Amino acid sequence: MEHRMFCYQCQEAARGTGCTMAGVCGKSPETAAMQDLLLYVTKGLSSVTTRLREEGEKIEEKVNHLVTANLFATITNVNFDNKAIAERIRKTLAVKENLLGQLENKSGLPDAALWNGTENEYAAKAASRQVGVMATEDEDIRSLRELITYGLKGLAAYMKHASVLQKDSEEINAFLQKALAKTLDDSLTADELVALTLETGQYGVEGMALLDAANTGAYGNPEITAVDIGVGENPGILISGHDLKDLEQLLEQTAGTGVDVYTHSEMLPAHYYPAFKKYPHFAGNYGNAWWKQKEEFASFNGPILMTTNCIVPPADSYKDRLWTTGAAGYPGCRHVEGECGERKDFSGIIAQAKKCPPPQEIETGSIVGGFAHEQVFALADKVVDAVKSGAIRKFVVMAGCDGRMKSRDYYTEFARKLPEDVVILTAGCAKYKYNKLDLGEIGGIPRVLDAGQCNDSYSLALIALKLKEVFGLEDVNDLPIVYNIAWYEQKAVIVLLALLHLGVKNIHLGPTLPAFLSPNVAKVLVDNFGIAGIGTVDEDLKLFFGEEA
């Protein structure tokens, strides 16, 4: 059977090998082709900017922002709008042609840097042998190139969020573009690509640190917070995704309107930031992880604003209430424009909210979070005493992503069966598998310490390094910490590479290992870093804790 597309960048790749007829995410073959071409021309632009830097030229910030926004638009569940993606391709080609004209030395540039087709040529180019994952014939080289590319997509997401808060890094942007260009370089060996993979992890740590500084500089350090999960009597707007600047602007514009604002999924940790607590209409969190949005968006009744991933193709019952902004997009849904640093106009979504009934209540109570690095550092003495006394035997990092697969129930069962002297460290939407289980406390320390979004995984790294320092250990792997991480999309890839750069070993990934790891590349990760999959809950409890479940 002829493949209509090929994509294996997320955990739900069909049959564990790749989506070939349509994306499990809902991406059509046409959208997949447009995303492949956007990635291709962005790599071409990056080849040109890298060559210009070698010639001593400075690259404008708006070009850097274009590259990161393009990569973000190709992350799983961000943009399904072919017209919007085609416009990004057109803009990228125009910028690339302008910069190409400034190059003194054009020799040896790849086809991606030289091609300049019109829109009616996009489909044919996307279908050509030069574009897409399968353009690389050697399985191991292809695997490494994709591993690097997906890590760079995750890094680009961090950079995009930081740049809207006026934090940027020419060094990181230059590396990101150079690494993109190198994925087109046929002269690089597998060993050189392995080295580039680890270097991507190094810049992943730097990108995460930059975003952490941007978020905490703008909104303060997260603090322990109980977040209401019920509803009020006012109409509401539900905001999902990760972009805190979008949330800030929405809260400012809804103040005094009689419209409440609720978070969904990865936006939950916004409640932990002191700056957002001044808004009395910042009502609480509604629902669970991204994949439940079809039922939860329907019952919310009001409009929904998607600031980034994760969009599930909407049902007709609420499609007219779904709005997108930034890199996100879905055909038929209204889009709020606004480039980096610009004020966005949310008056349309506010007007719609006023005409909608209040949200339907789906649960009551509260959930506690806000355990980012500064808050945990403030509890350091209590944590250390608990470890030394034996009250806390181990920590288990259960960060990462949630998803639809039934096999992900493993993480709920694993958390429920954990020994009572084990504490969970988490960030990302994986926490929705267990953050409402009421696992209790150990000496006043909650057994689920939520550091925030997947964007906040840096906190978990800092916490580990702080504990290493406090206990006077030489190796971070000597800490009483085990890693049992759920992954879904490309931001999880950069977190993994960042942990590898920091020297963390024996990380378990589930519910399946990435389809884009060839057997030989997987063996490199296993042999050098102890990367492993998951088994059954009882097998893994015995492996990690010596427990007989």
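User: Quick one to start: where is the place of Asn 77?
Analyst: Asn 77 sits in the loop between helix H2 (61–73) and helix H3 (82–100). Helices (H or I, at least four residues) and strands (E, at least two) are DSSP runs, numbered from the N terminus. This is a predicted model, where local features need pLDDT of at least 70, side-chain atom pairs count only at pLDDT 80 or more, and totals for chains, interfaces and linings use all residues. Residues are numbered from 1 along each chain as its sequence is written, and side-chain values use heavy atoms, with hydrogens and water left out.

User: What phi does Asn 77 have?
Analyst: A positive one, about 70 degrees, although Asn 77 is not a glycine. Most residues other than glycine have a negative phi.

User: Is Asn 77 buried or exposed?
Analyst: Asn 77 is buried, with a relative accessible area of 3%. Buried means under 20% relative accessible area, exposed over 50%, partly exposed in between (1.4 Å probe, protein chains only).

User: And Asp 438, buried or exposed?
Analyst: Asp 438 is exposed, at a relative accessible area of 72%. Asp 438 also has a positive phi, about 55 degrees, and is not a glycine. Look for Asp 438 in the loop between strand E10 (422–426) and strand E11 (441–442).

User: Switching topic. Which peptide bond is cis on the way to Cys 310?
Analyst: The one from Asn 309 to Cys 310, with omega near 20 degrees. Cys 310 is in the loop between strand E5 (304–306) and strand E6 (322–325). The bond from Gly 510 to Pro 511 is cis too, with omega near 5 degrees. Pro 511 lies in the loop between strand E15 (507–510) and helix H17 (519–529). Most peptide bonds are trans.

User: Zoom out. How many helices and strands does the chain have?
Analyst: There are 18 helices and 15 strands. The radius of gyration is 23 Å, close to the 24 Å that the globule rule gives for 549 residues, so the chain is as compact as a globular protein of that length. That radius is taken over C-alpha atoms, and the rule is 2.2 Å times the number of residues to the power 0.38.

User: What box do the C-alpha atoms fill?
Analyst: Roughly 65 × 60 × 50 Å, taken along the principal axes. Of the 549 residues, 60% count as buried.

User: What about contacts between residues 24 or more positions apart?
Analyst: They account for 74% of the contacts with a separation of 6 or more. Contact means heavy atoms within 4.5 Å.

User: Now rings. How many aromatic pairs does the structure hold?
Analyst: It holds 20. Rings of Phe, Tyr and Trp (its six-membered ring) pair if their centres lie within 6.5 Å; planes under 30 degrees apart count as stacked, over 60 as edge-to-face and the rest as tilted. One of the pairs is Tyr 410 with Tyr 411: edge-to-face, 4.8 Å centre to centre, 85 degrees between the planes. Tyr 410 and Phe 414 also pair, stacked, at 5.7 Å centre to centre and 20 degrees between the planes.

User: Where do Tyr 410 and Phe 414 lie?
Analyst: Both lie in helix H14 (residues 409–417), four residues apart, about one turn of the helix. Tyr 410 and Phe 414 are both buried. Tyr 411 is buried as well.

User: Last one. Which residues do ring pairs link into a cluster?
Analyst: Phe 6, Tyr 8, Tyr 150, Trp 487 and Phe 516.
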